[in-house]
Amino acid sequence: MKQNDKIICMLEERQKEDIKNLNKAVTEFQQNFQKPETRREFDLSDPQALKKDTPARLSDNDPRCTISGLQKFLGEDLNHDRRVKFQKEQSREWSLQQQRDWKNALADQKFAEDLHDKNRIDLDQKAMELQRKDVETRQAVCAATKDFNRTQAAEFEERKMLEKRQEEEDNVAEISNLLRGDLLSENPEQAASSFGRHRVITDRWKGMNQDQLMAIRYTQQQQVLEKLRLQEEERQRNAEWDRQRIQAARAQLLFERHQQRLNRELRRTLDNANAQLSQDQKSKKIYLQEEVYSNFPTGQYFTQFNTTSR
């Protein structure tokens, strides 16, 4: 009994705590989401309605001031004092701005005149300095040009004399070379090219000798024999390739027949396995249709189901 009383007290305390928490949650919900100002009829009983309402007349340009409203009459000017004050302030600001602009203009003009005078003096000094340097540069250039022309004339005379002497020596050497050269003496070695003995200079070549002609004919015969030998080797190689290709095709045909035979056997085995599997599935289906459910639900089952649902 003490244990039961203790349990009952604990349940009552828990119930009171739950009721307290529920009331607290309801109060917080009402304070957060059900405020008086959110009600539909709050505007009918709002204590601050007159403070929140717009005055009947805000200014002279208020569009609500109609003739029938008797809120505005001819001769009234609510903004007179404010407009006069604003005009005075604006006039004072304009006057001060004009004075500042005048002082700034005078200061800018004086600064511009001083700067102009300073720049003009600097330009005059630079012009005089440049003129002096130009005169000195011209004198130096004239002197250097005179010396250079004198030196060039002397070098030209000396170079002309050397060229004339060299030309005379070259003419004498050319005449000597022509008299002793291979062109007039018709030396057969003059046709040999510097790129090799197998090449000749066409404008100096006098023709081939008998040994060269015999060597060419012998080389042509060897080339004909070599070509016949290569043609025979090519024919034998083609015949060997044809024989190997025929053997490969025959082996491929035998392999394809063997593969087809294996495929037919594999298909036959697969069909038998599928037929056996189909028969097993049909037998299992018939067995499931004949099975009867015999496990009836009891009161304990329903009690457990209701407890789980709660």
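Across the whole structure, a search finds 16 salt bridges, where a salt bridge is taken to be a side-chain nitrogen of Lys or Arg within 4 Å of a carboxyl oxygen of Asp or Glu. The model is a predicted one, in which local features need pLDDT of at least 70 and side-chain atom pairs count only at pLDDT 80 or more, whereas totals for chains, interfaces and linings use all residues. Residues are numbered from 1 along each chain as its sequence is written, and side-chain values use heavy atoms, with hydrogens and water left out.

| Salt bridge | N to O distance | Helix |
|---|---|---|
| Glutamate 136 and arginine 132 | 3.0 Å | helix 3 (residues 80–180) |
| Arginine 237 and glutamate 234 | 2.3 Å | helix 5 |
| Glutamate 240 and arginine 243 | 2.2 Å | helix 5 |

Helices here are DSSP runs of H or I with at least four residues, strands are runs of E with at least two, and both are numbered from the N terminus. In helix 3, glutamate 136 and arginine 132 are separated by about one helical turn because they stand 4 residues apart. In helix 5, arginine 237 and glutamate 234 are 3 residues apart, so about one helical turn lies between them, and glutamate 240 and arginine 243, also 3 residues apart, are likewise separated by about one helical turn.

How exposed are the partners of these bridges? The classes rest on relative accessible area, with buried meaning under 20%, exposed over 50% and partly exposed in between (1.4 Å probe, protein chains only). Glutamate 136 counts as partly exposed at 43% relative accessibility, and arginine 132 is placed in the partly exposed class at 40%. For the bridge between arginine 237 and glutamate 234, the relative accessible area of arginine 237 is 41%, which makes this residue partly exposed, while glutamate 234 is partly exposed at 36%. Glutamate 240 is partly exposed with a relative accessible area of 33%, and arginine 243 is partly exposed at 41%.

The chain as a whole contains 6 helices and 2 strands, and its pattern, read along the sequence, is α-α-α-α-β-β-α-α. Of the 310 residues in the chain, buried residues make up 4%. Aspartate 46 is one that is buried, with a relative accessible area of 15%, and aspartate 46 is found in the loop between helix 1 and helix 2 (49–52). Its side chain makes a polar contact with the side chain of lysine 52 at 3.4 Å, a polar contact being a pair of N or O atoms within 3.5 Å of which, within protein, one must be able to donate a hydrogen and the other to accept it, with residues adjacent in sequence counting only if both atoms are side-chain atoms.

The structure also holds 1 aromatic pair. The rings of phenylalanine 29 and phenylalanine 33 have centres 5.1 Å apart and planes at 35 degrees, so the pair is tilted; rings of Phe, Tyr and Trp (its six-membered ring) pair if their centres lie within 6.5 Å, with planes under 30 degrees apart counted as stacked, over 60 as edge-to-face and the rest as tilted. Because phenylalanine 29 and phenylalanine 33 are 4 residues apart in helix 1 (residues 2–33), about one helical turn separates them. Phenylalanine 29 is partly exposed at 44% relative accessibility, whereas phenylalanine 33 is exposed at 59%.

A nonpolar surface patch of about 290 Å² is made by Val224, Leu225 and Leu228, and valine 224 lies in helix 5 (residues 210–290). Patches are made of residues with over 30% relative accessible area and no salt bridge, like charges being joined within 9 Å and nonpolar side chains (Val, Leu, Ile, Met, Phe, Trp, Tyr) within 5 Å, and accessible areas come from the Shrake-Rupley method with a 1.4 Å probe, only the protein chains shown counting as cover for residues.

Finally, a search of the whole structure finds 0 disulfides, a disulfide being a pair of cysteine sulfur atoms within 2.5 Å. Cysteine 9 is partly exposed at 45% relative accessibility, and cysteine 142 is exposed at 53%.
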